[in-house]
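Open the model in a viewer and keep the selection panel at hand. The tour goes through salt bridges and then the core.

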Amino acid sequence: MERDVLAAVRQELRQSIDEKTRESAQRFFKEMVKVHGVKSALVKKIAAKYFREIKGREKKEIFSLCENLLQTNYGEEAFIAFEWSYSLRRQFVPEDFFVFERWVDLYVDNWAKCDTLCNHTLGSFVEMYPQFIENLAGWARSENRWLRRASAVTLILPARKGLFLKEIFEISDILLEDRDDMVQKGYGWMLKEASKKHQAEVFDYVMRWKEKMPRTALRYAIEKMPVEMRKKAMER
């Protein structure tokens, strides 16, 4: 049975290829990406259509389907896998963390995959099970740049709600002088989202560390602040 739904998903993706989309996809990435070339709105529709067919199955079986999609390395198939895992969020249990951790480690190889998985599936997971934020601190020290980015990006949706400020600063401390621009952008983005509810605290943090903080991270962090604050933060 497993083959059928995946074969149908892949057939529909192949039938929906748009040459223009395929040609322009690479523009957004520094690393080579593998894509079919299907418009993202259409990929979302395909994900929703086939989730309706499988949603009655055991979570373990659906995760197995997700893993199969991830193994092809196609961006669109990863997007569908992460949409499906997010659709199961009400069924998440603590052990699922290790499934998601493996996915980041093995299958995430660009910012789009990283952010799709982390913003939704992992962001929801840590809101349900905040004890796992400690594990994110471990990711922040990883050799794998995508685990490092994921340690920050996972906290973006919670940050937007004003949650986990202390932990956000702890992750930022670990990533502070990271040389990878994808990681810098990731933790800068996390601080920017945190600043929406905690502007003064994030501004103080930035002012305290601005000499050490890479300019890329700094610019992201202060993007939503008033002009005067931004000027002050950018002063050498």
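A salt bridge here is a side-chain nitrogen of Lys or Arg within 4 Å of a carboxyl oxygen of Asp or Glu. The model is predicted: local features need pLDDT of at least 70, side-chain atom pairs count only at pLDDT 80 or more, and totals for chains, interfaces and linings use all residues. Residues are numbered from 1 along each chain as its sequence is written, and side-chain values use heavy atoms, with hydrogens and water left out.

**Salt bridges**

The whole structure holds 20 salt bridges. Select aspartate 96 and lysine 59: their side chains form a salt bridge, with N and O 2.7 Å apart. Aspartate 96 belongs to helix H6 (residues 96–107) and lysine 59 to helix H4 (residues 59–71), so this pair ties together parts 37 residues apart in sequence. Helices (H or I, at least four residues) are DSSP runs, numbered from the N terminus. Aspartate 96 is buried, at 6% relative accessibility, and lysine 59 is buried as well, at 14%. Buried means under 20% relative accessible area, exposed over 50%, and partly exposed in between (1.4 Å probe, protein chains only).

Next, select arginine 148 and aspartate 178, whose side chains meet in a salt bridge of 2.6 Å, N to O. Arginine 148 sits in helix H9 and aspartate 178 in the loop between helix H11 (165–175) and H12; the two are 30 residues apart. Arginine 148 is buried at 13% relative accessibility, and aspartate 178 is buried at 13%.

Move to glutamate 31 and arginine 145, a salt bridge with its closest N and O atoms 3.4 Å apart. Glutamate 31 lies in the loop between helix H2 (19–25) and helix H3 (40–54), and arginine 145 in helix H9 (residues 145–153), so the pair joins parts 114 residues apart in sequence.

Then select Lys30, Asp181 and Lys185, which a network of salt bridges links.

**The core**

A nonpolar core is a set of buried Ala, Val, Leu, Ile, Met, Phe, Trp, Tyr and Cys residues joined through side-chain atoms within 4.5 Å. The largest one has 77 residues, of which Ile80, Trp84, Trp103, Leu155, Tyr187, Leu191 and Met213 touch the most other members. Helix H12 (residues 181–195) supplies the largest share of this core, seven residues.

Finish on tryptophan 84. Not counting residues up to four places away in sequence, tryptophan 84 touches Leu6, Val9, Ala47, Tyr50, Phe51, Ile54, Ile62, Leu65, Cys66 and Leu69. Contact means heavy atoms within 4.5 Å.
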